[in-house]
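Hi,

Here is the structure I said I would pass along. Have a look at it first, and then read on for what turned up.

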Amino acid sequence: MILLTLALLMGAGPSSLTEGATSEARDTAAPAVAATFDEGSIPEELIEIARRVKHLPIGERMAAISEPLMGRPYLHDAAGEGVPPDEDAPARYDAFDCLTFVEEVLALAMAGDPLSAPTIRRQLRYANGTPRSYDNRNHFMLEEWIPHNIESGLLADITAELGE
């Protein structure tokens, strides 16, 4: 299953992995914010990139969206629900941990419109997509995040296609 995540990040596998799931800087300074949501803001640069590359295969979309985020600081426990017990904002773009980086890039790449990315992020981050709570969050990659997202249809296990 690790190959699944790596394959998605590297652009391997069919570009149709997300077609049924949804409709269509290197510096560490805080990015300019263009769109504000109930749970975070997506920098204008990422909105523009996501819209420009939405017709490309998923791997190419992820590469284009992640490029301006590369080099941002690592921050342990970078995101939360915005309420106790984890009051961190659900989204941020100035720093990431390994999982929030993947979730943000994948959500923007999967959304036909980047303004839908928060909805996809919730679906990726929480078992069954809702309710948004610390207890319902997919905390562990192998035990929760990957299996729940395969089960929900957001991801496909292509490990056998790539070799064991």
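At what angle do the axes of helix H2 (residues 44–53) and H3 cross, and within what distance do they come? The crossing is at roughly 160°, and the axes come within 9 Å. Angles over 145 degrees count as roughly antiparallel, and H2 and H3 therefore fall into that class. Their crossing is right-handed. On the H2 side the contact is made by Leu 46, Ile 49, Ala 50 and Val 53, and on the H3 side by Arg 61, Ala 64 and Ile 65. Sorted by class, that contact of H2 with H3 has six nonpolar residues and one charged residue, with no polar ones.

Before the rest, some context: keep in mind that this is a predicted model. The protein chain has 164 residues, and buried residues make up 43% of them. It has seven helices and two strands, and along the sequence they follow the pattern α-β-β-α-α-α-α-α-α.

Now the other helix pair. Helix H4 (residues 98–110) packs against helix H5 (residues 117–125) with the axes 8 Å apart and an angle of about 130°. How does that angle class the pair? H4 and H5 are oblique to each other, because about 130° falls between the 65 to 115 range for roughly perpendicular and the over 145 range for roughly antiparallel. H4 passes H5 in a right-handed crossing. From H4, the residues that meet H5 are Thr 100, Glu 103, Glu 104, Leu 106, Ala 107, Leu 108 and Met 110. Their partners in H5 are Ala 117, Ile 120, Arg 121, Leu 124 and Arg 125. In this contact of H4 with H5, seven residues are nonpolar, four are charged and one is polar.

Is Pro 114 buried or exposed? It is buried, since its relative accessible area is 0% and the cut-off for buried is under 20%. Leaving aside neighbours within four places in sequence, Pro 114 is in contact with Ile 42, Ile 47, Ala 50, Arg 51 and Leu 108. Ala 50 also belongs to the H2 side of the contact with H3, and Leu 108 to the H4 side of the contact with H5. Then there is Leu 46: its C-alpha atom and that of Pro 114 are separated by 8.2 Å, although the two residues are 68 apart along the chain.

On to the rings. How many aromatic pairs are there? The count comes to two. One is Tyr 93 with Phe 96, edge-to-face, at 6.5 Å centre to centre and 80° between the planes. The other joins Phe 96 and Phe 101: the centres are 5.3 Å apart and the planes are at 85°, so this pair is edge-to-face as well.

One backbone detail to finish. Asp 77 is not a glycine, yet it has a positive phi of about 55°. It lies in the loop between helix H3 (58–66) and H4. With a relative accessibility of 34%, Asp 77 counts as partly exposed.

Cheers

Technical notes:
Residues numbered from 1 in each chain as written. Predicted model: local features only at pLDDT ≥ 70, side-chain atom pairs only at ≥ 80, totals over all residues. Heavy atoms only, no water. Phe/Tyr/Trp six-rings, centres within 6.5 Å; stacked < 30°, edge-to-face > 60°. Axes fitted to C-alpha atoms, helices over the stretch in contact; angles between N-to-C directions. Helix = DSSP H or I, 4+ residues; strand = E, 2+ residues; numbered from the N terminus. Parallel < 35°, antiparallel > 145°, perpendicular 65-115°, else oblique. Left-handed = near helix turned anticlockwise from the far one by under 90°. Contact = heavy atoms within 4.5 Å. Nonpolar A, V, L, I, M, F, W, Y, C, P; charged D, E, K, R; others polar. Buried < 20%, exposed > 50% of the residue type's maximum accessible area, 1.4 Å probe, protein only.
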